[in-house]
Amino acid sequence: MKLLRITALIILLIFAFGIVIPAITISSNNIGSEENMILFFAPSGNHGFESKQDTVVNLTILHTGDIHSQLLPWPYAQYKTGINNDNTLGGIARLATLVNETRTEKKLVDEAVLLFDVGDFLMGTPFQYLGPNSTLNASPELHMMNLIGFNASCLGNHEWEYSVHGLSLILNNTNTTLGGSMPLLLCSNLVLGEDSYGLGQFIENNKTLTVSTNGKTLTIGLFSLMGKNAMSTVFFKGKYNFSDPIQTAREQVTYFQNEGVDLIILISHMGYKDAIQLASSVSGIDLILAGHDHQLLEQPIVVKTSVGNTTIVDAKSYLEYLGKLELSVKLGGPAGQGIGIRTYQAILIDDTIPENGTILTGLETYIDAVNSLLSEWDVSSIDTVIAHVDFNLTYSTPGFEKPTGESPVGDLVADSMRWAASNVTGEYVDFAFMPSGTIKHGKYFCLNGDITVYDANSIIPFGGVPMQGPYRGWPICSFHLYGYEIKRMLEFSVLMGGDFFIQISGLRFTYALIGIPTMRVISIEQEINGTWIPLEMNKLYRIAISYEAAILIPQIGQLYPVFSIIPKNESGYPIPSNETIIYDAEERPFPIHLGLIRFLTDYLEGTVPEIYNQSQNRAKAVLANPIHVLYLLNQVGQTIVSQSTTSNLLMGGVASLILIAVMAIGVIISRRP
């Protein structure tokens, strides 16, 4: 009996630490932290508010998000001109057709149509290389958006991928080429400071639009926000900065309410979940166009606020969809009371939609310019088939767009980087590491069949050297690390997850899904001629990695000293990031996407082997280490209370079940001989 009591007491203490303490802490922190938020999906059809006809006008909002330079349909290897003859999605020429059809339709009933984009229009295909420091001297993305007649776009995190210098080149060059005719660019929480690059002449804080619709005048207050998640990935903003989105939103709403506008629209580069939280904290926004998360809302979400309601829409990415919101707006009342939703459609942009001839003609100039640029690297035109795959080469488990760990595409990209680094330098490279977030277009569709230069490039297209150009994509870097530093890198990878999870080549490791940070990696092994041997903690290894990751390494070490690693030469002496870049025979930084193209053509000889049909067990996950049971219980407690911090019934029921279970274990233990 005494043993039973002691066992029960210990289990109760563990239970209290794991479940009760998190419940008390989190529940108390959430009391009164939000307004009485009510949200629901708004079905299509007339609803919203009842009002006299002479006080209400109709308006149609079209919106796109996260175009990522995807001006051509994808996968490009399957693309054919015409309609109903391929399975491709997207394409800016098809978008132009849909926009023009809507404008023609609404003109018949004297209804205004506005077209907005929510940022990340740059970065994602070979077109991205034309804007900064190129002979063509223009951004094809902004040029096409201007031809179609976008009313405004906000800035996303990837607009900064070429650093402040690159962004200023893109905007200056395009502005010069187009004669000052670009879509309105907004970013309300961008802090310009001294504005040494002159971004303020292109990027505005807010805008009041006046449109005529249904024979009446409608005034619209437009502002834009970069969300906190997006902000956290803007690494090359120089002396520019971003203010808090919530505080900025409150200031913008107050400004527009004082201006007496009829409608307040937020064009945001934040996911719809963050938009929901913003709407619950800031009343007075009628409509939020969300992005950054690459998610599709088939119907709007409506959040009830203290003065009305806020409608949220999200149209995914890569021009796969065009969002079409038909709404009604009450005139004369205070802005922020909400809108009336008549209908909403997320229109799939596929090959049933004819392509606009003017846009197609405009694209030809840019396609020629891209092909000319690629020829500098002895790479064929973008439509050249360079490889074939007889299975679905996927990013992750079907149905999931976020990385859940190792992926087949990740294995392929990491292998190509390791091979290219060894091939270009002539030195053996032990391991290659590729952050999942750098692998982009491969997340959203399967490659099956032919692979063109355009398709291969679109898998890892991002970035450039954040110096003075030219900007041709992130180059490969190579340097040495000790084994214990490689473990730190893997620990950081599994702790952060998502875009930070590392795809690897040359080693395999096992890690705990739940555990104590810095102690979740259980084993690491290196492959030597088909044999796996344990990694030596005090041995130097040569690695390959993207320049983006190499630049982030010091920043991560400053923020998280426990994960600090230092790039070194073969003798173990520290070297700066810019001395780790791999150069080709002509002293040009060697880009990652070129490594993939040459890996497919030269090493794999145009055929993707069956080993990439699935993940190769390079990153094996187990539930937890036995020594982490206490931490596991704590995480269970965090999870439970995060699901329902206000439901005493749920908390009580779950806690009772767990208590009964642990007490039963105590009884069993006490009765053992």
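How much accessible surface does the protein have, and what share of it belongs to carbon and sulfur atoms? The accessible surface comes to about 27,600 Å², and 54% of that belongs to carbon and sulfur atoms; such areas come from the Shrake-Rupley method with a 1.4 Å probe, and for residues only the protein chains shown count as cover. Keep in mind that this is a predicted model, where local features need pLDDT of at least 70 and side-chain atom pairs count only at pLDDT 80 or more, while totals for chains, interfaces and linings use all residues. Residues are numbered from 1 along each chain as its sequence is written, and side-chain values use heavy atoms, with hydrogens and water left out.

**Overall picture**

- The protein has 15 helices and 26 strands; these are DSSP runs numbered from the N terminus, with helices (H or I) of at least four residues and strands (E) of at least two.
- Of the 673 residues, 56% are buried. Buried means under 20% relative accessible area, exposed means over 50%, and partly exposed is in between (1.4 Å probe, protein chains only).
- Take the contacts between residues at least 6 apart in sequence: 77% of them join residues at least 24 apart. A contact here means heavy atoms within 4.5 Å.

- Four strands make an open sheet in the order S20-S25-S18-S21, with mixed pairing. Two strands pair if DSSP finds at least two bridges between them.
- The edges are strand S20 (476-482) and S21, each of which pairs on one side only.
- On average, neighbouring strands of this sheet are turned by 30° against each other, direction ignored. For the angles, axes are lines fitted to C-alpha atoms (for helices, over the stretch in contact), and values run from 0 to 180 degrees between N-to-C directions.
- Helix H11 packs on the sheet and touches S18, S20, S21 and strand S25 (540-546). The direction of H11 makes about 115° with that of S20.
- Helix H12 (residues 547-559) packs on the sheet too, touching S18, S20 and S25. The direction of H12 makes about 115° with that of S25.

**Zooming in on strand S18**

- S18 (residues 431-435) pairs with S21 in the antiparallel sense over four bridges, while S18 and S25 pair in the parallel sense over three bridges.
- On the S21 side, methionine 434 stands opposite glutamine 503, and phenylalanine 433 stands opposite isoleucine 504.
- On the S25 side, alanine 432 has alanine 544 as its bridge partner.
- Five of the five residues of S18 are buried, so the strand is largely enclosed by the rest of the structure.
- Both faces are covered: one side has Phe431, Phe433 and Pro435, the other has Ala432 and Met434, and all are buried.

**Salt bridges**

- The model has 18 salt bridges, counted when a side-chain nitrogen of Lys or Arg is within 4 Å of a carboxyl oxygen of Asp or Glu.
- The closest N and O atoms are 3.7 Å apart for aspartate 411, and the N to O figure is 2.9 Å for aspartate 415.
- Lysine 316 and glutamate 320 form another salt bridge, their closest N and O atoms being 3.2 Å apart. Lysine 316 counts as buried because its relative accessibility is 14%, and glutamate 320 is buried at 10%.
- Glu105, Lys106, Glu111, Lys324, Glu326 and Arg342 are linked in a network of salt bridges.

**A nonpolar surface patch**

- Leu495, Met496, Phe500, Leu559, Tyr560 and Val562 form a nonpolar patch on the surface, with about 520 Å² of accessible area together.
- Patch residues have over 30% relative accessible area and no salt bridge; like charges are joined within 9 Å, and nonpolar side chains (Val, Leu, Ile, Met, Phe, Trp, Tyr) within 5 Å.
- Phenylalanine 500 lies in the loop between helix H11 (483-496) and strand S21 (502-505). With 30% relative accessibility, phenylalanine 500 counts as partly exposed.
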